[in-house]
Amino acid sequence: IGASNPYREISSKQNSKIKVGLRNISSESQLVYKVNKFPSNIDDYIWDYGTLSHEQSFLYICSILKDLTLINMDPYLVHNLVYQSHKYINDNEPAYMMSLRDIARFKQLYNWIFYYLDDDEKNDDKKSFKSVILALFVCYYIKLSTIELREFYLQLISGLMQLEQDE
């Protein structure tokens, strides 16, 4: 049993953003990532299961992040921040195909930051908060290609946090 990613071509908008280096105009260079063809003798055994729904994605994110060490922070807020970040990148940066591996990367980075963050203050909830923000920044924010997308992302994240404080 195996899984594969479908062919995904670079849009003309994304291609126009590529300004550095030599451009290769072969058909393979027009793909978002390198794809190896399956041998034709297994064509009868290939099924397309489509993509996850938004609800399924959120449930997967919750299950991946369920054992994060969060001190004085609502786990639902963190799960929602990661889910909304993931969705925002998928909707606004087609060059990136965000996958569940990115959620595992967020978790690993969060744990690393949480463990190594020098906590001068005795307030552990700030340590969790700082770790979440830094991990979101590294995993999602820096993937955004324009200042406008980054500003909208910051508004999205701050809006979600504001909603949590209001409740």
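This is a predicted model: local features need pLDDT of at least 70, side-chain atom pairs count only at pLDDT 80 or more; totals for chains, interfaces and linings use all residues.

Biologist: Among contacts between residues at least 6 apart in sequence, what percentage joins residues at least 24 apart?

Modeller: Here a contact is a pair with heavy atoms within 4.5 Å. Start from the pairs at least 6 apart in sequence and keep those at least 24 apart; the share comes to 63%.

Biologist: Let's zoom in on α3. What span is expected for it at 1.5 Å a residue?

Modeller: Helix α3 covers residues 75-92, which is 18 residues. From first C-alpha to last, α3 reaches 26 Å, and that is close to the expected value of 26 Å.

Biologist: Which residue puts a side-chain oxygen by the backbone nitrogen of Tyr76?

Modeller: Look at the start of α3. A side-chain oxygen there comes to within 3.2 Å of the Tyr76 backbone nitrogen, and it belongs to Asp74.

Biologist: Is Asn80 buried or exposed?

Modeller: Asn80 sits in helix α3, and its contacts, leaving out residues up to four places away in sequence, are Phe58 and Leu160. Other residues on the buried list of α3 include Leu77, Val78, Leu81 and Ile89. With a relative accessible area of 14%, Asn80 falls under the 20% cut-off, so the word for it is buried.

Biologist: How is α2 set against α3?

Modeller: Their axes come within 10 Å and cross at roughly 130°. The contact uses His54, Ser57, Phe58, Ile61, Cys62 and Leu65 on the α2 side, and Tyr76, His79, Asn80, Val82, Tyr83 and Lys87 on the α3 side. The crossing is right-handed. An angle of that kind makes α2, relative to α3, oblique.

Biologist: And how do α2 and α4 lie to each other?

Modeller: The axes of α2 (residues 54-65) and α4 (residues 100-116) also come within 10 Å, crossing at roughly 30°. On α2 the contact residues are Tyr60, Ile61, Ile64 and Leu65, and on α4 they are Leu100, Ile103, Ala104, Phe106 and Lys107. This crossing is right-handed. Angles under 35 degrees count as roughly parallel, so that is the label for α2 and α4: roughly parallel.

Biologist: How many residues does α4 have?

Modeller: Its buried residues include Ile103, Phe106, Tyr110 and Phe114. The reach of α4 from first C-alpha to last is 25 Å, close to the 24 Å expected, and its number of residues is 17.

Biologist: One last spot, Thr69. How far apart are the C-alpha atoms of Thr69 and Tyr110 in space?

Modeller: Thr69 is in the loop between α2 and α3, and it is partly exposed, with a relative accessible area of 41%. Setting aside neighbours within four places in sequence, Thr69 is in contact with Tyr110, Phe114 and Ser128. Thr69 and Tyr110 are 41 residues apart in sequence, while C-alpha to C-alpha the distance is 9.1 Å.

Notes: Residues are numbered from 1 along each chain as its sequence is written. Side-chain values use heavy atoms; hydrogens and water are left out. Helices (H or I, at least four residues) and strands (E, at least two) are DSSP runs, numbered from the N terminus. The expected span of a helix is 1.5 Å times one less than its number of residues. Buried means under 20% relative accessible area, exposed over 50%, partly exposed in between (1.4 Å probe, protein chains only). A polar contact is a pair of N or O atoms within 3.5 Å; within protein, one must be able to donate a hydrogen and the other to accept it, and residues adjacent in sequence count only if both atoms are side-chain atoms. Axes are lines fitted to C-alpha atoms, for helices over the stretch in contact, and angles run from 0 to 180 degrees between N-to-C directions. Angles under 35 degrees count as roughly parallel, over 145 as roughly antiparallel, 65 to 115 as roughly perpendicular and the rest as oblique. A crossing is left-handed if the near helix is turned anticlockwise from the far one by less than a right angle, and right-handed if clockwise.
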